[in-house]
Amino acid sequence: MQHRVVVIGAGFAGLQTVLGLKGSGCQITLIDQRNHHLFQPLLYQVATTLLATSDIAWPIRALLRDRKDVTTLLGTVEDVDRTTREVVLRSGERVGFDTLVIATGARHAYFGKDAWEPDAPGLKTLEDATTIRRRMLLAFERAELTENEAERQALLTFAVIGAGPTGVEMVGIIAELAHRILPREFRRMDTRKARILLVEAGPRILPAFSEDLSQYAAKALGRDGVEVMTGHPVTDCSGDGITVNGQFIPAQTTIWAAGVQASRAKDWLGAEADRAGRVMVAPDLTVPDDPAIFVLGDTAHVVSDGKPVPGVAPAAKQQGSYTAQVILARLTGKPAPAPFQYRHMGNLATIGRNSAVIEYGRFKMRGWLAWWVWGIAHIYFLIGARSRIFVALSWLWVFLSGQNSARLITQKETLKEP
Ligand SMILES: Cc1cc2nc3c(=O)[nH]c(=O)nc-3n(C[C@H](O)[C@H](O)[C@H](O)COP(=O)(O)OP(=O)(O)OC[C@H]3O[C@@H](n4cnc5c(N)ncnc54)[C@H](O)[C@@H]3O)c2cc1C
C-alpha cells in the first residue's frame with residue numbers, strides 16, 4: 001500500500017512540503033479551507049488598491065495540475081483523531097493518514113479584545129483585504145457627500161494599529177492615496193486633509209529593525225503626512241474611533257496590524273504550545289510524542305540557533321522543504337537529516353510608493369534603491385510567469401501614472417453582518 005501523507009494548509013509551508021515530495025511515490029492529500037494559495041506579503045497592496053486579488057493568489061488545483069500523486073480537497077479541518085489516524089473535516093468526512101503535516105498558519109490576535117475585530121479588521125485573507133479596501137474607498141465617498149465637517153473629518157481619519165512591516169506599509173500607501181492620488185478626483189472636499197495615524201504600543205516602529213532604520217522610516221512617514229504615535233496602546237476601539245493615551249480620536253476606518261495567534265492545531269493534538277498558541281515541536285519539526293505528525297510555519301514554535309524562528313514566509317518555506325526531506329529519508333531508509341536550521345533572509349519593509357528599508361545582518365539599505373531591491377525580491381518569489389508580469393506591470397503603471405487602478409467598490413460589507 002502507498003504511504004499516505006496528508007498535508008493541511010496550502011500556504012507557504014504546506015505547499016513547499018508537497019513540492020518537495022515530488023517523485024516520492026506517496027499518496028498525498030492536500031486539504032485547505034480556501035481554493036487558493038495566497039502570497040500574504042503583498043496583501044496590503046490589495047487592501048490599498050495597488051493590486052487586484054488575482055495578482056497575488058492562485059488556485060491550488062491549477063498549481064498542482066501536473067502532480068497526479070496529489071489530491072486537493074477544499075475543506076476545513078476541525079480535528080485530528082490520533083487514535084484512528086484520521087483528519088476530521090467540518091463536513092464530517094474523515095481522511096486517513098500515515099504521516100500528517102499541519103501547516104495551518106495564524107490569524108490576527110486582539111489580545112483578549114476580540115469584540116474589536118468587526119470595527120478593526122486585520123489583514124490575513126483576500127476577504128480581509130477587500131473589506132479594508134471597500135471601507136477605505138467608501139469613507140472617501142461618504143466624506144464627499146456629507147456637509148457636516150466633524151463627520152467628514154472622522155471619515156477622513158484612518159487609524160492603523162501596530163507598526164510592524166504590515167502597519168508601516170499600509171499607512172504609507174494610504175497616505176499616498178489620500179495626499180497625492182485622490183485630490184484630483186474629488187470636488188467637494190480636499191482629500192489631503194485626511195489624517196493617517198499609525199499607533200504603536202511599543203517605543204518605536206519596525207521593532208525587528210535596528211534603531212536607525214526604524215527612525216528613518218518614522219521620519220519618512222512623517223514627511224508623507226502620517227502621524228506616528230508610539231509608546232501608547234489603544235485602550236478602546238469602536239466603529240466611531242479609537243482611544244489612545246486617554247484621548248478619543250474619531251476615526252471611521254481602523255485597521256488592525258498588531259499581534260498574531262496560531263491556528264488551533266494545539267487543540268487538535270492536545271499538544272504543548274507557547275503564548276501565541278504555536279505548538280512546541282521537536283528539532284525535526286515533529287510533535288514530541290508522535291514522530292508521524294509534523295507541525296510547521298506560523299503554527300509551530302521552532303527553535304534554531306537557540307532562538308525562536310520568526311513567523312515569516314522564508315521560514316515557512318524552509319520548514320516545508322525540510323519536512324519533505326525527513327519524510328523521504330524515512331521512506332527510503334536513509335539517515336534522518338540534521339535538526340532544522342533556519343537561514344535568515346533579512347528584514348524588508350516598504351515606506352510609501354518608492355522607498356523601503358532592508359536589513360540583512362550588518363548590511364543595511366534604505367530609500368528608493370532599497371525599494372527596487374524589495375520589488376525585485378517580491379517579484380522573484382511570486383508564483384508563475386503570469387503573476388510576475390502582471391504585478392511588475394501594475395507597479396510600473398502606478399509608478400508612471402500616479403494612479404492606483406484596483407479601486408472598485410464591489411462586495412457587500414461582511415464583517416458587520418450578523
Ligand atoms: C499581511 C501580511 C504581511 C506579511 N508580510 C510578510 C513579509 O513581507 N515577509 C515575510 O516573510 N512574511 C510576511 N508575512 C508572514 C507570512 O505570510 C507567514 O509567515 C507565512 O504565510 C506562514 O506560512 P504558513 O504556511 O505557516 O501559513 P499560511 O501561509 O498562512 O497558510 C496557512 C494555510 O492553511 C489554511 N488553513 C488554516 N486553517 C485551516 C483549517 N482549519 N483547515 C484547512 N485549511 C486551513 C489557510 O487557508 C492557508 O492556506 C506576512 C503576513 C501577513 C498576514
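I take helices (H or I, at least four residues) and strands (E, at least two) as DSSP runs, numbered from the N terminus. The model is a predicted one, in which local features need pLDDT of at least 70 and side-chain atom pairs count only at pLDDT 80 or more, while totals for chains, interfaces and linings use all residues. I number residues from 1 along each chain as its sequence is written.

**Helix H4.** I looked up helix H4 (residues 126-145), which has 20 residues and reaches 28 Å from its first C-alpha to its last, close to the 28 Å expected at 1.5 Å a residue (1.5 Å times one less than the number of residues). Its buried residues (20 or more other C-beta atoms within 10 Å of a residue's own, with C-beta atoms placed from the backbone) include Asp128, Arg133, Arg135, Met136 and Phe140. The buried residues of H4 pack against H2, helix H5 (149-155), strand S11 (157-161), H6 and strand S17 (253-256).

**Helix H9.** I then turned to H9, which also has 20 residues and reaches 29 Å between its end C-alpha atoms, close to the 28 Å expected. Among the buried residues of H9 are Lys317, Gln318, Gln319, Tyr322 and Ile327, and what covers the buried residues includes strand S1 (4-8), H1, strand S9 (99-102) and strand S21 (290-295). Just after H9, I noted that glycine 333 takes a positive phi of about 75°.

The domain assignment, which is automatic or from a database, gives domain 1 (4-33 + 75-108 + 260-332) and domain 2 (116-258), with 35 Å between their centres, taken over C-alpha atoms. I found 33 residues around the ligand, the closest being Gly9, Gly11, Gly105, Gly297 and Val312 (near means a C-beta atom, placed from the backbone, within 6 Å). The elements giving two or more residues to this shell are helix H1 (12-20), strand S2 (27-32), helix H2 (43-47), helix H6 (165-181) and helix H9 (313-332). Because domain 1 and domain 2 both give residues to the shell, the ligand lies between them.

**Isoleucine 205.** Where does isoleucine 205 sit? I placed isoleucine 205 in the loop between strand S12 (195-200) and helix H7 (211-223), and isoleucine 205 counts as buried because it has 27 C-beta neighbours inside 10 Å. Leaving aside neighbours within four places in sequence, isoleucine 205 is in contact (C-beta atoms, placed from the backbone, within 7 Å) with residues including Ala163, Val168, Leu198, Ala218 and Thr230. Isoleucine 205 and alanine 218 are 13 residues apart in sequence and 6.9 Å apart in space, C-alpha to C-alpha.

Key
A residue is buried if 20 or more other C-beta atoms lie within 10 Å of its own, exposed if 12 or fewer, and partly exposed in between; C-beta atoms are placed from the backbone. Two residues are in contact if their C-beta atoms, placed from the backbone, lie within 7 Å.
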